[in-house]
Amino acid sequence: MDERYRIFLRGTALSVVGTASAGIAGYLTRRILANGLELEEYAFFYSMQALLTMLFVLAKYGSSETVFFLLPGLKQKGHERFARQLFSFGCKYNLAVFAVISLGVALAVPLLQRFYFPMRTSAADILLFIPFLLICAMETFSFSALNAVKAFGGINVLKVLRALLMVGGMWALLRLWGCAGAIAGYILPGAVVTAAAIWILWRHHGFRLDPARTSNKVRREFFTAGGSFFILTLSYAAVSDLGTVVLTVVSTAEEVAIFNIALPVSMLVGALSAIPMALVPLAAEAFYRGDCLLVRRGIRLVAAGCALAAAAALPVFWLWGRKIIALLFDPEYADAQWSALLLVMAACFLIATQVHNGILNAVNHRKATLAITYPVIIPALILLPAASYFYGAIGTAATILLLTLAWAILSLRSLLRVLANAEANHGGNRLC
């Protein structure tokens, strides 16, 4: 077997393990919290988590994606110094920006208690949650750098370790200190694996935080590339985390809790995205090799698989949805049946969208991915508040399903147009 494909298959297998462990851990932590906290405490936990996640997406400005996509090319071209400066500047940016935002959130605690949370909250619990911002930023950035240097083994060992520490820590600390213990158990594993990731990058790849002044060229490249990735990641956040934020503002704690019971069911489906995403580098290689027919076959396979999975979810949740929710969580939350169905279907279409966008980015068509994100972000900002206000969790889930379906169709259409243009430039042959 070709050495490139052997490395690719090994990396894919490790990615499946790491992604699956993250998805399972996401479900288990929500089950632990749903069974160990009061409904209002459970709603507070995920309202706060969703708010901080949205702030994280807005403030990181595509920094982790910039490192992921630019570092491999820089290293391949022998621009080691530029690559190290880019990594160092990304670290400085995340540390500075998220330290300031964390301080701002801390000062805004009284405002959050009055205008954001629909339930009674403890200022101490809100303050305890704030370090999640900086830890999440540095974890995502360092993991992206590990992916960029193809440290697949290290990053997926860290993902599994994080999942184990989080599930075990939340279970133990929740029993000791209630909601505050659950928050600590949720945040601390991220700090542990981030420290380990940064050590691996320094010890084995020579990346570190350099106090020297960063060149203007590096800063310009960082912000230029980050801008395009920022819009894309904002779109993903709009169909995953914005729902909880909007429900918190305009609805009740019960609706927030129901939505966040349904969400982890869809996360289990989303954990399978590592399998079709493995097609992205193969599709990019086929595109540059001139084999557009192979790319078309791959995307047809992904589209058919996602559509069939979404269709299969309908009878499953229609017949056994309440039993599934009761089995995974508690009979108390059986009303999450229909929200779970809609979010599972949305997760299926989102997988297809991620594959389409991944291929477009890999073949250097980032402008095409940007062009199809605005029709998702703008309607999301308009429709989600209205649906959440009038129809609660199920309205939010239905809106997310419509947005992800539209995004999947738009991204597929854009990718097919890119393939058609490539074929036209090569005499109309199926080999582009």
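Student: Is tryptophan 320 buried, partly exposed or exposed, and why?
Tutor: This is a predicted model, where local features need pLDDT of at least 70, side-chain atom pairs count only at pLDDT 80 or more, and totals for chains, interfaces and linings use all residues. Residues are numbered from 1 along each chain as its sequence is written, and side-chain values use heavy atoms, without hydrogens and water. Buried means under 20% relative accessible area, exposed over 50%, and partly exposed in between, with a 1.4 Å probe and protein chains only. Tryptophan 320 has a relative accessible area of 45%, so the label is partly exposed.

Student: Which helix holds tryptophan 320?
Tutor: Helices are DSSP runs (H or I, at least four residues), numbered from the N terminus. The place of tryptophan 320 is in helix H14.

Student: Which element gives the most to the nonpolar patch?
Tutor: Nonpolar side chains (Val, Leu, Ile, Met, Phe, Trp, Tyr) are joined within 5 Å. The patch covers about 1,200 Å², and its residues include Trp318, Trp320 and Tyr389. With five residues, the top contributor is H14.

Student: What is the volume of the largest cavity?
Tutor: A cavity is a set of points on a 1 Å grid where a 1.4 Å probe fits but cannot get out. Volume is the space filled by probe spheres set on the points, which are joined across faces, edges and corners. A search of the whole structure finds one cavity of 30 Å³ or more. The largest cavity has a volume of about 50 Å³.

Key. 1 Å grid on protein atoms, 1.4 Å probe; cavity = no way out; pocket = protein on both sides within 12 Å on 5 of 7 lines; lining within 4 Å. Patch = residues over 30% accessible without salt bridge, like charges linked within 9 Å, V, L, I, M, F, W, Y side chains within 5 Å. Areas by Shrake-Rupley, 256 points an atom, 1.4 Å probe, with all protein chains shown as cover. Salt bridge = Lys/Arg side-chain N within 4 Å of Asp/Glu carboxyl O. Helix = DSSP H or I, 4+ residues; strand = E, 2+ residues; numbered from the N terminus.
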